[in-house]
Amino acid sequence: EFKSNLEHSKVLIEYNGTRVIVAGDYKVEEDNVSGKFEHIECDIFVTESTFAKPRYSWTPQEHVFQEINDWWKQNQKENKVSVLQAYALGKAQRLLRNVDRTIGKIFVAEQIGNVNQIYLESGSDLPETITLNPKLNPDDFTGSLILAPSMKVFEEINIPQQKSVKRVSGWMLDAWFGGDGFVLSDHADWE
């Protein structure tokens with residue numbers, strides 16, 4: 001038996017009375033995007049373990065989103081553009097679904113816009129966004145939030161305003177990942 005949604009999937013194998021579940025990436029905290037994680041009774045559970053160390057214990061996401069919203073509002077006061085670097089699949093949609101949409105305009109890189117279309121076609125409720133392109137008026141970016149998988153997008157888009165850039169990842173707990181950002185993972189933590 002195979003169960004899946006846009007962000008986590010698992011396979012249930014039953015053989016001679018033994019139930020085995022093999023799971024891909026998943027999180028147990030409801031994120032308003034990927035649906036609730038379904039617990040299924042089994043004898044053996046095989047899981048991905050990206051963050052299987054005690055130091056990986058996530059802050060409740062509502063606190064992280066409050067930090068992101070506060071950062072965005074502060075950047076608006078300073079006439080800066082807020083840029084969040086996030087994976088195009090999953091992380092970007094989680095951010096879109098949970099940031100305060102009333103703060104300002106939200107722009108997304110083309111890669112994120114393409115993935116958003118798949119989510120929307122599957123019935124997800126994502127806010128209206130504007131896909132970045134070179135024809136946009138640079139004045140429209142002031143006070144906005146931009147989601148992009150990398151800074152490479154700014155090689156093609158003229159954004160003259162000062163930018164405040166943060167990465168969003170569970171890896172932000174590790175110094176080797178570098179940069180400034182918010183700790184938010186799409187994987188289960190140690191606990």
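Visitor: Let's start with charges over rings. Where does the charged end of K166 sit?

Guide: Over the ring of F182, 5.3 Å from its centre. Keep in mind that this is a predicted model.

Visitor: Noted. Which ring does K163 lie over?

Guide: K163 is over the face of F154, with 5.7 Å to the ring centre.

Visitor: Back to F182, then. What kind of ring pair do W71 and F182 make?

Guide: The planes of W71 and F182 are at 70°, so the pair is edge-to-face; the ring centres are 5.6 Å apart. W71 sits in helix 1 and F182 in strand 10 (residues 181-182), so to speak a link between distant parts of the chain, 111 residues apart.

Visitor: And are W71 and F182 buried or exposed?

Guide: Buried, both W71 and F182.

Visitor: How many aromatic pairs are there by this rule?

Guide: Four aromatic pairs. Among the rings involved, Y56, W58 and W171 are linked into a cluster by ring pairs. F107 and F141 pair up too, in a tilted arrangement with 4.7 Å centre to centre and 55° between the planes.

Visitor: Where are F107 and F141 in the chain?

Guide: F107 belongs to strand 6, while F141 is in the loop between strand 7 (130-131) and strand 8. They are 34 residues apart, and the pair links distant parts of the chain.

Visitor: Why does F107 count as buried?

Guide: Because its relative accessibility is 1%, and the cut-off for buried is under 20%. F141 also counts as buried, at 1% relative accessibility.

Visitor: Let me zoom out. What's the order of elements from the N terminus on?

Guide: It goes β-β-β-β-α-β-α-β-α-β-β-β-β. In total that's three helices and 10 strands.

Visitor: How many residues does the protein chain have, and what percentage count as buried?

Guide: 191 residues, of which 43% count as buried. The chain exposes about 10,500 Å², with carbon and sulfur atoms supplying 49% of that area.

Visitor: What share of the contacts comes from residues 24 or more positions apart?

Guide: 65%, taken over the contacts with a separation of 6 or more.

Visitor: OK, cores. Which residues touch the most other members in the largest nonpolar core?

Guide: I68, L84, L95, L145 and L147, out of 24 residues in that core. The elements giving two or more residues to it are helix 1 (61-77), helix 2 (91-98), strand 6 (106-108), helix 3 (110-121) and strand 8 (145-148).

Visitor: Which one gives the most?

Guide: Helix 1, with five residues. There's also a second, separate core of 13 residues, including L132, A148, F154 and I157.

Visitor: Pick L95. What is L95 in contact with, leaving aside neighbours within four places in sequence?

Guide: F65, I68, L84, A86, L147, V168 and L184.

Visitor: L95 is in helix 2. Why is helix 2 called largely enclosed?

Guide: Because seven of its eight residues are buried, helix 2 is largely enclosed by the rest of the structure. The buried ones are K91, A92, Q93, R94, L95, L96 and N98.

Visitor: What do the buried residues of helix 2 pack against?

Guide: Helix 1, strand 5 (81-85), strand 6, helix 3, strand 8 and strand 9 (163-168).

Visitor: I'm curious about N98 there. What does the side chain of N98 reach?

Guide: The backbone oxygen of R94, at 2.8 Å. N98 has a relative accessible area of 17%, and since the cut-off is under 20%, N98 is buried.

Visitor: New topic: Q161. Where is Q161 found?

Guide: In the loop between strand 8 and strand 9. Q161 is buried, with 13% relative accessible area.

Visitor: Which residues does Q161 touch, not counting those up to four places away in sequence?

Guide: N79, V81, P138, D139, F141 and T142. With T142 there is a polar contact of 2.9 Å between the side chains.

Visitor: And how are the C-alpha atoms of Q161 and G143 separated?

Guide: By 9.4 Å, with the two residues 18 apart along the chain.

Technical notes: Residues numbered from 1 in each chain as written. Predicted model: local features only at pLDDT ≥ 70, side-chain atom pairs only at ≥ 80, totals over all residues. Heavy atoms only, no water. Helix = DSSP H or I, 4+ residues; strand = E, 2+ residues; numbered from the N terminus. Buried < 20%, exposed > 50% of the residue type's maximum accessible area, 1.4 Å probe, protein only. Contact = heavy atoms within 4.5 Å. Areas by Shrake-Rupley, 256 points an atom, 1.4 Å probe, with all protein chains shown as cover. Core = buried A, V, L, I, M, F, W, Y, C linked by side-chain atoms within 4.5 Å. Phe/Tyr/Trp six-rings, centres within 6.5 Å; stacked < 30°, edge-to-face > 60°. Lys NZ or Arg CZ within 6 Å of the ring centre and 35° of its normal. Polar contact = N/O pair within 3.5 Å; in protein donor to acceptor, adjacent residues only side chain to side chain.
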